[in-house]
Amino acid sequence: MTTTSTAGQDKARVGVSLVLSRELVPLLYRLLVAALLCSTLALLTESFLTAGNAVNVLRQTSLLFLMATGLTLVVLTGGLDLSVGANVGLSACLAAIALKATGSPFAGIIVGLCTGLAVGLANGLLVTYLRMPAFIATYGMLWFLQGVTFTVMAGETVHGFPSSFRIIGSGFLFGVPVPVFIMLAFLALGTLLTRYTTLGQQIYAIGANREAARLSGIPVRSRIILAYVLSGGTAGLASLVFLARLNSAEGDIGEPLTLPAIAAVLIGGTSLFGGVGTVFGTLMGALVLTLVLNGMNLLSIQTNWQPLVTGVIIIVAVFIDTVARRRGAV
Amino acid sequence: MLQQTRILLAALLLTASSPSSADGERIAVMTTNLTNPHFQLVRAGADAAARRLGASVTHYVPSRADSIPEQMSQIEDLVVRKPSAVVFVPADHKALIPGVERLNAAGIPVVNVTTRAAGGKFVSFVGSDDYDLGLAAGRHLLRAIGGTGNVVIIEGLKGHVVSMDRVRGFMDAVKENAGVKVVASQTGNFQRLPANQVMENLLQAHPKVDGVLAANDAMASGVVEALEGAGRRAKVIGINGTKEALDAVRSGRMEGTADYSSFLQGCLGVTAAVRALRSQVVVNEFVFPANLIDRSNVDRFDIPTEGRPCPDYEALVK
């Protein structure tokens with residue numbers, strides 16, 4: 001960790017220009033990782049650099065990124081949300097049931113978003129007012145949510161939603177998938193929030209040094225709760241996009257998502273100790289993870305080799321990032 | 001804690017289906033997770049059989065899906081509680097052999113359902129043959145695409161015996177058709193989302209795909225969504241016969257699916273256990289035929305679970 005205890009206040013005080021220079025180099029490195037991966041794949045297979053594949057990669061990235069944006073805020077505060085996948089699972093299932101019961105996309109969207117937000121709020125309260133370690137609190141939440149989801153679904157699958165709802169996951173606007181627009185909106189919102197608002201600066205400050213943040217008058221608890229609520233909200237929104245994309249929900253829908261979401265945040269350069277990181281970095285992390293799967297499928301890499309390849313690429317990506325962090329700090 | 005979990009699960013799942021006579025046989029039914037629709041139907045079948053026979057059923061399901069240690073501690077629990085018999089789906093075909101041996105040592109009869117355990121003593125095995133299902137599904141799909149063209153295989157969880165057997169069946173069906181080429185065989189982890197994204201990717205690499213063999217129905221549904229999203233056409237087949245797949249077969253979005261006989265597995269599992277306790281004849285093993293469900297016969301398989309009766313044991317095993 002190269003960030004000093006005053007990094008948070010530094011940023012708040014000195015402002016945007018220094019932050020940019022401090023983070024410009026790592027940012028370029030992160031772009032470099034994605035670019036390296038892209039050019040390697042382009043050399044290896046001609047099906048990579050096609051419009052169709054670009055649409056795929058972006059859409060798949062957006063699904064992962066949506067979950068990871070809110071999570072980035074939580075990690076920036078020095079917290080963690082292990083329940084994010086389970087939250088997506090429960091939100092998706094409840095939204096699916098509401099959609100099916102009422103036939104109204106509006107009802108489904110409200111139920112999905114509210115479930116996500118409520119879970120986020122619960123996490124935030126556990127971590128702040130009950131002073132539980134985030135890892136354990138959200139790990140407990142993960143089990144709780146899975147239990148509720150399994151009980152509600154009872155092994156059934158809810159499928160077949162109105163096309164007016166499916167637009168948000170499967171629709172296109174000017175030839176670009178709708179989830180990609182949602183992704184860009186969240187990238188913009190997330191960047192604005194973290195970079196140019198007091199709330200964003202406070203989140204960095206809390207992550208950099210919680211005690212210093214408290215002493216300087218930042219309402220630490222309410223800011224942390226807000227971060228968890230936002231994380232729950234993006235999980236709820238992601239659940240709707242998943243639902244609309246897959247046209248069906250079942251109990252284990254969120255299960256494969258938690259680790260990739262956390263990995264996207266960390267590969268993107270956000271520090272697990274808080275205070276350092278960007279939403280853009282998370283986008284790059286999500287992109288790298290998506291490209292790995294995409295590349296392995298295009299190249300038809302044998303199933304048994306896929307975990308190994310994934311592991312090597314993640315380690316190389318993080319290595320490049322570590323180098324970048326050292327350079328950037330100088 | 002475990003006790004609580006079990007009681008909670010029992011309360012949630014039991015559907016208290018069998019308000020049986022107090023002296024009826026008490027059957028413990030062990031399945032491996034709460035998410036797979038197959039096990040949901042196995043449990044429903046088990047309840048239906050108990051209803052028919054005047055026995056009672058308690059369900060044991062690990063709270064962590066397919067957890068070997070959790071099943072092991074459930075078995076330890078059962079050795080103490082001594083149910084009349086156990087109907088057992090092992091979370092792993094090898095790792096739970098010591099568990100079965102403990103039940104054997106305690107003198108509790110065990111019926112093996114769905115996944116064939118590689119050891120231990122069983123009154124009977126009831127299940128479907130995954131290789132046969134893969135072969136039947138593969139043959140049906142390849143016939144549907146005219147015995148020629150490019151196919152994609154979507155595998156299940158890597159290293160999982162069910163996936164390996166089903167894919168082996170697919171491959172043997174492919175070998176029977178000289179004109180068929182497997183352009184890709186990739187894993188979808190038995191789950192919808194991974195299968196969906198893998199198929200989206202594969203469609204980019206392979207401009208011509210005529211058929212897709214998916215190792216279960218959830219992945220087949222993910223594949224169908226990927227095809228429709230990309231505006232491409234290919235015939236898709238799955239395995240299991242879930243309600244969702246039956247709907248897709250009826251509407252023509254899926255070519256077919258192979259029947260895993262889930263409900264009947266539960267029926268026959270409990271029936272075999274009760275018959276053994278009543279000293280009636282029980283067959284060593286009953287493997288369901290690999291029936292194929294397509295548009296022509298889908299209605300015959302689409303039976304609501306609630307109130308669905310169990311068939312007569314003797315008529316079925318004859």
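Reader: How many residue pairs are in polar contact between chain B and chain A?

Author: In this predicted model, 20 residue pairs are in polar contact between chain B and chain A, both residues being at pLDDT 80 or more. On the side of chain B that touches chain A, at least two residues each come from α2 (37-53), β7 (179-187), α7 (192-205), α8 (217-230) and α9 (243-250). The largest share, 10 residues, is that of α7(B). By class, this side of chain B has 11 nonpolar, 13 polar and 9 charged residues.

Reader: What makes E200(B) and R245(A) a salt bridge?

Author: The rule asks for a side-chain nitrogen of Lys or Arg within 4 Å of a carboxyl oxygen of Asp or Glu. For the side chains of E200(B) and R245(A), the N to O value is 2.6 Å.

Reader: How much area do chain B and chain A bury between them?

Author: They bury about 3,100 Å², 50% of it on carbon and sulfur atoms. In chain B, the residues that lose the most area to chain A are R192(B), N201(B) and Q204(B), together 19% of what that side buries. In terms of contact, 33 residues of chain B meet 41 residues of chain A.

Reader: Why are α8(A) and α11(A) called roughly antiparallel?

Author: Helix α8 (residues 178-196) and helix α11 (residues 220-246) of chain A pack at an angle of about 170°, with their axes 12 Å apart. Angles over 145 degrees count as roughly antiparallel, and α8(A) and α11(A) are therefore described in that way. The contact is made by P179(A), I182(A), F186(A) and L193(A) of α8(A) with L230(A), T234(A), L237(A) and V241(A) of α11(A). These comprise 7 nonpolar, 1 polar and no charged residues.

Technical notes. Residues numbered from 1 in each chain as written. Chains lettered and ligands numbered in written order. Predicted model: local features only at pLDDT ≥ 70, side-chain atom pairs only at ≥ 80, totals over all residues. Heavy atoms only, no water. Axes fitted to C-alpha atoms, helices over the stretch in contact; angles between N-to-C directions. Helix = DSSP H or I, 4+ residues; strand = E, 2+ residues; numbered from the N terminus. Parallel < 35°, antiparallel > 145°, perpendicular 65-115°, else oblique. Contact = heavy atoms within 4.5 Å. Nonpolar A, V, L, I, M, F, W, Y, C, P; charged D, E, K, R; others polar. Buried area = accessible area lost by both parts, 1.4 Å probe. Polar contact = N/O pair within 3.5 Å; in protein donor to acceptor, adjacent residues only side chain to side chain.
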